[in-house]
Amino acid sequence: MSDTVKNTLLFALMALLIIGTGFVQSWNSALFILNMGLISAIMALGVNLQWGFAGLFNVGVMGFVALGGLAVVLTSMPPVGEAWAAGGLRVLLGLAIGAATIVAAVFLNKRLKGRARLIGLPLFLIVGFFIYRAVFDPAVDAIEAVNPAGTGYLGGLGLPVLLSWPMGGLLAAGAAWLIGKTALGLRSDYLAIATLGIAEIIIAVMKNEDWLGRGVKNVNGLPRPVPYEIDLQNSANFVKNAEGFGLDPVTASTLFVKLGYSVLFTIVLVVIFIMAQAALKSPWGRMMRAIRDNEVAAAAMGKNVTRRHLQIFVLGSAVCGIAGAMLTTLDGQLTPGTYQPLRFTFLIWVMVIVGGSGNNLGAVLGGFLIWWLWVMVEPLGHWAMEFVTSGMAEDNALRNHLIDSAAHMRLLTMGVILLLVLRFSPRGLIPEK
Amino acid sequence: MDFLNGFVALSNFVLIPAIAYGSQLALGALGVTLIYGILRFSNFAHGDTMAFGAMVAVLVTWWFQGMGLSLGPLPTALLALPFAILGTMALVLITDRMVYRFYRTQKAKPVILVIVSMGVMFVMNGVVRFIIGPNDQKFLDGERFIISVREFKQMTGLREGLAIKTTQGLTVVVAVICVIALFWFMNRTRTGKSMRAYSDNEDLALLSGINPERVVMYTWMIVAALTAIAGTLYGLDKTFKPFVYFMLLLPIFASAIVGGLGSPLGAIAGGYIVAFSEVMITYAWKKVLTYWMPESLEPDGLVQLLSTDYKFAVSFVILIVVLLFKPTGIFKGKSV
């Protein structure tokens, strides 16, 4: 069986799973799985870029996804004029002072020697920190005091929401550049711990800096790139068309909205996929794989390993940021409290490994398949538990415990799948050529 | 008098909590560092192994409490600790046999083992949630305080009170016993020496007839004991919640790396460095400073450098600074 046939079969099978969900459960949940699968596939492509192409072990995916989500708020929400007047410029000034302190400290670190560096540098940083807090804190208090129940933050730029997707990529890329400058060049497992920490810090910032994105108070009602269901239901034309398909207007409108998202997401996925494929086949892609397989040899050939690592780290993180922005747009709200490393970092890793690291098609397939499983394990687990315990009495404590715990089957299943794939098919479903 | 009052406040809010937390981190970091030294990979499942150990302790404690068994002023969980250790040993030995051994014989790259440990992390997390659920569980009983604020004030007549929780005292005592036992084992016994030899130079150790599977088995058993104890102590001191243990992964790794991966002494030092920095940077210093500073200089704000939600940032910054300026850690760890 040739590769093309096998891959087509695998994707056809995946399509069957989703369509089957549509028939067995409902078309709404099938489209939900499809949309989230598209986003997951893009995230998996981003991780595959870093791990599959360059062998960078990044477990901070969640941080970049969250930054993408923040970009949606910063781009598409209308600005809060009163808050800007209260302290907008002062916040920016504070941040500028903080950034200037760090840049100056890096510069001093290079210039100063011996004791001057040992004493001067910490002193400089401490003084800088207090000046920064003195400028920054009052401004934040002023902004958060403006209508705290409704806004209490600076708002965004009021631009079309679709623009926030590339903005999410840019924001994530900027953060990745900063992180890469400091953390790349560390050994692989140090890099892993460092990225794990950075992701937690990004989430902590988003939860606590209320002036930026309202923190745990969440931002609701983000603009949408597709029409609202209620508008569709009120449009006579739409209702007539829906009846033409034999659907009631409510179901038809939800399906129509979800399909709209699917089309948009598919366009993004296809564009990123084509670019990733082109990159993989280009001399640049070959160089990346050469660096991955033997850094010393690549360096001996005159390749700047650290620079290339930084480059691909930024690119991969940008892709994750775009996916994060799309995810938040789909949700219609930014909820920093819901970002969990198991769901947004490690699950993406399962997708890449199961799909086949180093192969873009594999990453896409892994994204769809693992997301489908992630959603379906819960009902399947429940059903399995019902079956296993069917012989027990209705009020048996063990039976009730097992049925209640079925919801936690997800993590277990994902772990078992990852371990099985690593053991018996370490190159994944669609291996690298 | 003012100085004493200030010092008591400092002890109450900074020193004592930081020593207890540092001991817990040190025990966790010792496990990470031992695995790194002998099995040569960073074990991402460490936090969830701690959660498993603590879970066994919780379940056995409930069982004992149900039977009316107790240790009087001490928490019943102490009685459950041996069971927790045995349970965790069984878990990690089964995991090693079923998962890690295959990659060891294959001589897989360390990063593959890290990914494998990610899978193990998922499974253990799932198992713990499956058995005990994702919620908070209480299993602390016995006397709550060694010294309570009121008693201390009556005893000394100071304005500031000092409280030492039983769990804090217990944590430090148990941690000291564990560390002494561990160092005695590593330096004095034949198995301990073979473990160190294997860690220093694998080929040479194999050449002198050390059985690697035996070394690995003992390592896992020691690590299991340490993680179960660390997990239970943390659960007693703070609260038992499966997800919290996963979040401990970062400070624990920071401790191990700051001290130097592979160096047990470094792990202990690292644990206290991380704990003290975390507590000191997120503590609001106003109270202590009003005692210590002349009246004219008294601070008006809280003098809190960072809000407590940023405690991860502290361990992270320490980690990065150490890695950038002294990549092998303070105690010269190894790099694979």
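A:Asn218 sits in the loop between helix H8 (210-213) and helix H9 (229-234) of chain A. Helices here are DSSP runs of H or I with at least four residues, numbered from the N terminus. A:Asn218 is not a glycine, yet has a positive phi of about 65°. Most residues other than glycine have a negative phi. A:Asn218 counts as partly exposed because 14 C-beta neighbours lie inside 10 Å. The classes rest on C-beta atoms placed from the backbone: buried means 20 or more others within 10 Å, exposed 12 or fewer, and partly exposed in between.

A:Asn147 also has a positive phi, about 45°, and is not a glycine. Its place is the loop between helix H5 (114-145) and H6 of chain A. A:Asn147 is exposed, with 12 other C-beta atoms within 10 Å.

## Basis of the model

This is a predicted model: local features need pLDDT of at least 70, side-chain atom pairs count only at pLDDT 80 or more, and totals for chains, interfaces and linings use all residues. Residues are numbered from 1 along each chain as its sequence is written, while chains are lettered from A and ligands numbered from 1 in the order in which they are written.

## Domains of chain A

Five residues of domain 1 and nine residues of domain 2 form the contact between them. Two residues are in contact if their C-beta atoms, placed from the backbone, lie within 7 Å.

On the domain 1 side, two residues are nonpolar, one is polar and two are charged. Nonpolar covers Ala, Val, Leu, Ile, Met, Phe, Trp, Tyr, Cys and Pro; charged covers Asp, Glu, Lys and Arg; the others, Gly among them, are polar.

## Chain A against chain B

The contact between the chains draws 33 residues from chain A and 31 residues from chain B. On chain A, helices H6 (164-183), H7 (188-208), H15 (341-355) and H18 (409-424) each supply at least two residues. H7(A) gives the largest share of the chain A side, 13 residues. That side holds 21 nonpolar, seven polar and five charged residues.

## Nonpolar cores

A nonpolar core is a set of buried Ala, Val, Leu, Ile, Met, Phe, Trp, Tyr and Cys residues joined through C-beta atoms within 7 Å. The largest has 211 residues, and A:Ile42 and B:Ile257 have the most contacts inside it. Helix H2 (residues 27-54) of chain A gives the most to this core, with 16 residues. Beyond four places in sequence, A:Ile42 contacts A:Val268, A:Leu269, A:Ile272, A:Val319, A:Ile322 and A:Ala323. A second, separate core has twelve residues, including A:Ala83, A:Ala86, A:Val146 and A:Tyr153.

A:Ala318 lies in helix H14 (residues 305-331) of chain A. A:Ala318 is buried, with 26 other C-beta atoms within 10 Å. Leaving out residues up to four places away in sequence, A:Ala318 touches A:Gly169, A:Ala172 and A:Ala173.

## Helix packing in chain B

Helix H7 (residues 190-200) and helix H9 (residues 212-237) of chain B pack at an angle of about 105°, with axes 10 Å apart. Axes are lines fitted to C-alpha atoms over the stretch in contact, and angles run from 0 to 180 degrees between N-to-C directions. H7(B) is therefore roughly perpendicular to H9(B); that class spans 65 to 115 degrees, with under 35 roughly parallel, over 145 roughly antiparallel and the rest oblique.

H7(B) contributes B:Thr191, B:Ser194, B:Met195 and B:Tyr198, and H9(B) contributes B:Pro212, B:Val215, B:Tyr218 and B:Thr219. Five of the contact residues are nonpolar, three are polar and none is charged.
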